[in-house]
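Trainee: I would like to learn how to read a model like this one. Could you walk me through it?

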Amino acid sequence: MTKRYAIVSIGTNSTRLLLADVAPDTPRVEVTRSTGTRIGEGLGEQGRLGDEPMQRTLDAIAQYARAIRGHYVRLFAVATSALRRAENGDEFAQRVSALLGVPLRVLSGEEEAAASYRGALTAFDNPRAERAGVLDVGGGSTEYATGDSLQPDKVVSCEIGAVRLTEAVPALAGREGAVGDEAVSQARELAREALKPIGELAAVERVALVGGSATTTAAIVRGRATRPTAYRLTRADLQHTLKRLLKMKLDERKSVPGMRSQRADILPGGIIVLDTALEIIGHDEAVATTADLLLGILMQERDATGGPVQPMRAASETRRGFRP
């Protein structure tokens, strides 16, 4: 028996879609989409969402809605840092709700951290074997959650992300060419200051990394465009990739195997946040995984309504009429 849930997520940099069968204990992902809409462009700390970023985001959502119409039993919509900060966030949320036919839930930083934790635990063979930490570096914020069960016992949300750090240190984008040491040092200091709350959490035995900065870096390290479900990343990998990108102009970065062109300007900022956070946590390696916030939300919703569905027929059940 299948039980398909769908979710649309509006992040600071990307608008994403996930369709998954949540009947199994570990949900089976059927469709993923990601569009670089960057709704947080020019937002600043407490500004307004711009007309063009809003329209880009609405256009992507409309495409997603058409693609999955009739293929889910429940649909959810969430938004993160950009809409938390925007003066006109409520107005935009109403437009999204009218388009999708469901409320748009603007997650708090703590809710975002807990959902990312729930999703990322599926990247571990035995999620309850050791105390785990899940680091979610987004465009506008960074969340960290720790625990030794399916629910985290500690969560923090830090006001730093790949887009915000790049806007604070524009040289990181590479539009003017190679990035100098002064800009990198400035960015690391800003990241270190913003990420201080992470150091207050108890030590963990293993760490998972989620978010576009982590999965894109993993793809670059592998030299392939496809993002692995789970991939071991070391701080050495992060530092080598950062050094490589900082030498390039923006257009050159876009041609790097594994790079998504829309992320080429902000990836160095994202890597700096990742590397600084791992330094604070005290880990030299982690697992980068695509099992993240979106999957975590669906699992939370599934668990709240009774948990996994016991199978009543073979897993090879035929899907009719579906076009991913």
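Mentor: Gladly! Let us begin with Leu 195: setting aside neighbours within four places in sequence, Leu 195 is in contact (heavy atoms within 4.5 Å) with Thr 142, Cys 158, Ile 160, Val 273, Thr 276, Ala 277 and Ile 280. Please keep in mind that this is a predicted model, where local features need pLDDT of at least 70 and side-chain atom pairs count only at pLDDT 80 or more, while totals for chains, interfaces and linings use all residues. Residues are numbered from 1 along each chain as its sequence is written, and side-chain values use heavy atoms, with hydrogens and water left out.

Trainee: Which residues touch the most other members of the largest nonpolar core?

Mentor: In soluble globular proteins, nonpolar side chains tend to be buried together. A nonpolar core here is a set of buried Ala, Val, Leu, Ile, Met, Phe, Trp, Tyr and Cys residues joined through side-chain atoms within 4.5 Å. Buried means under 20% relative accessible area, exposed over 50%, and partly exposed in between (1.4 Å probe, protein chains only). The largest core has 43 residues, and Leu 135, Tyr 144, Leu 172, Leu 195, Ile 198, Leu 209 and Ile 272 touch the most other members. Elements that each supply at least two residues of this core include strand S6 (132–137), helix H7 (212–222) and H10. Helices (H or I, at least four residues) and strands (E, at least two) are DSSP runs, numbered from the N terminus. H10 gives the largest share of this core, eight residues.

Trainee: How many residues of H10 are buried?

Mentor: In H10, 13 of the 15 residues are buried. Its span from first C-alpha to last is 21 Å, close to the 21 Å expected at 1.5 Å a residue; the expected span is 1.5 Å times one less than the number of residues. Just after H10, Gly 282 takes a positive phi of about 90 degrees.

Trainee: Which residue has a positive phi although it is not a glycine?

Mentor: Most residues other than glycine have a negative phi, and most peptide bonds are trans. Arg 38, however, has a positive phi of about 45 degrees. Arg 38 sits in the loop between strand S3 (28–35) and helix H1 (51–68), and at 11% relative accessibility it counts as buried.

Trainee: What is the nearest side chain of opposite charge to Arg 263?

Mentor: For charge, Lys and Arg count as positive and Asp and Glu as negative; His and the chain ends are not counted. A salt bridge is a side-chain nitrogen of Lys or Arg within 4 Å of a carboxyl oxygen of Asp or Glu. Arg 263 is buried yet has no salt bridge, and the nearest side chain of opposite charge, Asp 265, is 8.0 Å away. The side chains of Arg 263 and Ser 14 are joined by a polar contact of 3.4 Å. Such a contact is a pair of N or O atoms within 3.5 Å; within protein, one must be able to donate a hydrogen and the other to accept it, and residues adjacent in sequence count only if both atoms are side-chain atoms.

Trainee: How many salt bridges does the structure hold?

Mentor: There are 21 salt bridges. One of them joins the side chains of Glu 41 and Arg 56 (3.4 Å, N to O). Glu 41 lies in the loop between S3 and H1 and Arg 56 in helix H1, so the pair ties together parts that are 15 residues apart in sequence.
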